[in-house]
Each structure stands twice: as structure tokens, then as C-alpha cells.
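Visitor: Hello! I am new to reading protein models, and I would like a close look at one part of this one. Could you take me through it slowly?

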Amino acid sequence: MSEDAAALRRVSVNDLAIDHALAQMSGSMRFLLDVTPVNADDIKAEFVAGRVSEPRFVYRELEADQEVLKQVVTNIDVSQVEDTTVASLLRAKHRELLLQIDMLMARDSDVFRQLSTELYGGTSPRLREQAENILAAVPTPETKGEGVTAEEFLGLAQAEIDHYTGIDPGIDIHAEVRDDVNGVVVSGNTLLIDPDATVQRARADALLQHEVGTHLVTQVNGSAQPIQVLGTGLAGYDETQEGLAVLAEIGCGGLTPFRLRQLAARVVTVHRMTGGSSFVEAWEGLVDAGFPEASAFTTTMRAYRSGGLTKDAIYLRGLVDLLDHLRGGGTLDRLWLGKFSLDDLPLIDSLDEAGILNPPRILPRWLDDPSTADRLAAAAECSDDVTRLLPPSVHA
């Protein structure tokens, strides 16, 4: 009997059918792509040159009628899920999908910002203090270093993907350069690269471990689970996913001063956005803190897109939560089973111990580095002061 067939004996067909319906809806949505402006690069050039003040962003047309999608999701009756553990996970995912659809319907409005805070949270005093300490203690790098073009990075990404398909030829992940994205982002099983993106060569491997070694690896493993939502992401998975992806940067030895400052800048910019600062005021705050004008624009755009997206606060918050987890004796072992929140780890533990979940098909390549364990152990001791993730010689 196959592993999935064995799982069917433990989770009812009815429960799996509801899970699959939610996974299908979740997988069909392009939430981040749909809330990110398609003209960001053009506006950035105009803004930095001083030819525009408050930028006017343009968004891709939504592919489906959101009212119809909302009714389709509403019709998925999660109250019928029988297994209590699965029910808890699927009810939360159902609520999240409805919230995301409401956000898409409210793009470019104050309502979008309010819903975003409900979905991703805001910036707590502890998180703001961590971010402000980083900006005060970690100086701006003198040079950006040699860059890697989008096509070069695509080649590096394909080599990374080839490593995993060499382990398991049956996995389905891809990378491509596409002109309707901003920066480098994973959508579903594909790494999308902005043709205008330039990655520091010193950051290239860390970015590969972030995007391919975390987001695509957990997509592969989650998609192989009987509980299919583990592939598209359970409710609130983004925070732990992004924290885990930054942890991958630390694990492979690729966390740079610029990157840590960037994560801090995202937090303070989200705080300014939710506090009522204008786009220009938030941008000026980053420039005054030593960020290049173009880089400051991108960070500000990410927080102000679609009316105000608080998602960028989760990178540093997710990292600190995982460092706390490791410091308290926790491990990363089960976090590779799919995409889920650290808060849901006890429920995932329960499903795994019941024999419902399959082992991961692949594990991140950066875990093979002999220095990784020492790096993670040292990083765990820095959860109260993440500036110590960098060597003392870096600090101002």
C-alpha cells in the first residue's frame, strides 16, 4: 500500500476532499503578484530622478471575478471536517483565503491596509527596537560589490534546481525571467526573476538558499503530502517561511550587513506606513539612514503597494521567532515537511506522529555544509540582539 493510501485510512476521504478544494483555490491565486505594481521599475527611475513626487502605481488586471471566487471559497464547508487536528488547520486556511480575496477587492485603498494588518500583523515594540538597533549599530556598506545579471542568476538558479532534480527526478520546480515581476520571487513551483534585477555576487548563494532552498524545497515537500494545503501554505505560513529563508542565509554563511539593514528597513517602513507617513516621508527616512535612493524606493514601494502591505515586517519577526525556537531547544526537522506557521508546529507534530505525513522528498542543500550547525547554534544565542548575527568588526 502506498504512503498516501495509508494516510487515507487515517484521514477520511471527506476531509481530504475539503483539503484538496482549499489547496486548489490557494494554488490558483497569485496574491503577491496581484498586489505588486507592474510599473515599479519605471516609476523608480522617474522618482529617483525627481520627476515625480507621490508615485502612482499600476497593477495587473485580476484574472477572475473576485466576488465569484469568494463565493466558491465560502461554499467549501470546512465545518464538515471530521479530524480535529485537520479541522483546526483547514478552518484557519479558509478564513485566510477569504481575507486575501477581500484584500484583492480592496486594492489601493485604506481598507486594504486594515485587512493587511489583520493578515500579517503590525510591528510590535520589541520588533521595532530590534530594527532600530540594527540601523544604529550596523553601518552602511561602502560598496555594493559586483552584480549578477538576471540571466546569470537564472543560470545559477537552474543549477540549484538541477541539484534537487538529480536527487529526485520526479520533482517539478522551475525558474524563469519574466518582465511582469519585481525583484526575485517564488510563485507556486516557479522562481520568477525580474529582467532588471541585479543581485550582488556576494549575495547570490544566500538568495538561492532563500528562494530555492527554502520556498521551493518546502513547496515540493508540502505538495507530496496527503494534506495538500501544506504545499500551497497553511494559514499564517508566510512569517515562518520567510524567517526560515533568512535562517538559510545565515546557515550558508551569506548574511551580509546590507541584508540585515534591509530587513530592519522593512520593519521601520511598515511602521511609518501604518503610522500615517506619506510615501515620500518614508522614503526620505531610509535615505537619511544611509540607504541608496533606488534601494530606499524599492523598500518603500513594498510597504505602500496596493494601499499598504504590512507583510515586510514578517521577515525579521519570523527570524527572531525561529531563533527563539532554536534557543529553547527546538529543531528545524519538521519545518521541511511543508509550508506552515511555527504556531502550528504542535499540530504538524501530531499529524506526523500519527503516520499521516510523508517524509520530505528533499532537504535544503545548505544543511549539508559542515559549518551550518555551528552557525545556527551561534545565531540562536542572538535572538535578543540580532545585531550580534554579524561579527563585532562590522558594527559601527
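In which helix does Asp238 lie?

Guide: Happy to! Asp238 lies in helix α12, which covers residues 237–251. The protein averages a pLDDT of 94, and 97% of the residues score at least 70. Confidence is highest in helix α6 (residues 84–105), at 98, and lowest in helix α1 (residues 3–10), at a mean of 55. Where pLDDT is low, the predicted coordinates should not be read in detail.

Now back to Asp238. Is Asp238 buried or exposed? Its relative accessible area is 11%, and residues under 20% count as buried, so Asp238 is buried. Leaving aside residues up to four places away in sequence, Asp238 touches Tyr120, Lys311 and Ile314. Ala21 is 217 residues away from Asp238 along the chain, and the C-alpha atoms of the two are separated by 20 Å.

Helix α12 also takes us to another helix, α18. The buried residues of α18 are Thr372, Leu376, Ala379 and Ala380. These four cover an arc of only 100° around the axis, so they sit on the same side of α18. What covers them includes α12 and α16.

Next, look at the loop between α17 and α18, where Asn358 lies. Asn358 has a relative accessible area of 8%, so this residue is buried. The side chain of Asn358 reaches the backbone oxygen of Ala224 at 2.8 Å.

How many aromatic pairs does a search of the whole structure find? The search finds 8. One of them joins Phe57 and Phe297, again edge-to-face, with 6.2 Å from centre to centre and 65° between the planes. This pair links distant parts of the chain: Phe57 is in the loop between α4 (40–48) and α5 (66–74), and Phe297 is in helix α15 (residues 293–304), 240 residues apart. Both of these Phe residues are buried. Ring pairs also join Phe57 and Phe297 into a cluster with Phe47, Phe279, Trp283 and Tyr304.

Arg261 lies over the face of Phe291, at 4.6 Å from the ring centre. Arg266 lies over the face of Tyr315, also at 4.6 Å from the ring centre.

Let us finish with Ile171, in the loop between α9 (150–167) and β2 (174–177). With a relative accessible area of 8%, Ile171 is buried. Not counting residues up to four places away in sequence, Ile171 touches Tyr164, Thr165, Val220, Arg361 and Ile362. The C-alpha atoms of Ile171 and Val217 are separated by 9.7 Å, although these residues are 46 apart along the chain.

Technical notes:
Residues are numbered from 1 along each chain as its sequence is written. This is a predicted model: local features need pLDDT of at least 70, side-chain atom pairs count only at pLDDT 80 or more; totals for chains, interfaces and linings use all residues. Side-chain values use heavy atoms; hydrogens and water are left out. Rings of Phe, Tyr and Trp (its six-membered ring) pair if their centres lie within 6.5 Å; planes under 30 degrees apart count as stacked, over 60 as edge-to-face and the rest as tilted. Helices (H or I, at least four residues) and strands (E, at least two) are DSSP runs, numbered from the N terminus. Buried means under 20% relative accessible area, exposed over 50%, partly exposed in between (1.4 Å probe, protein chains only). A charge sits over a ring if NZ of Lys or CZ of Arg is within 6 Å of the ring centre and within 35 degrees of the ring normal. Contact means heavy atoms within 4.5 Å. A polar contact is a pair of N or O atoms within 3.5 Å; within protein, one must be able to donate a hydrogen and the other to accept it, and residues adjacent in sequence count only if both atoms are side-chain atoms. pLDDT is the predictor's confidence in each residue, from 0 to 100. The arc is that of the directions from the helix axis to the C-beta atoms.
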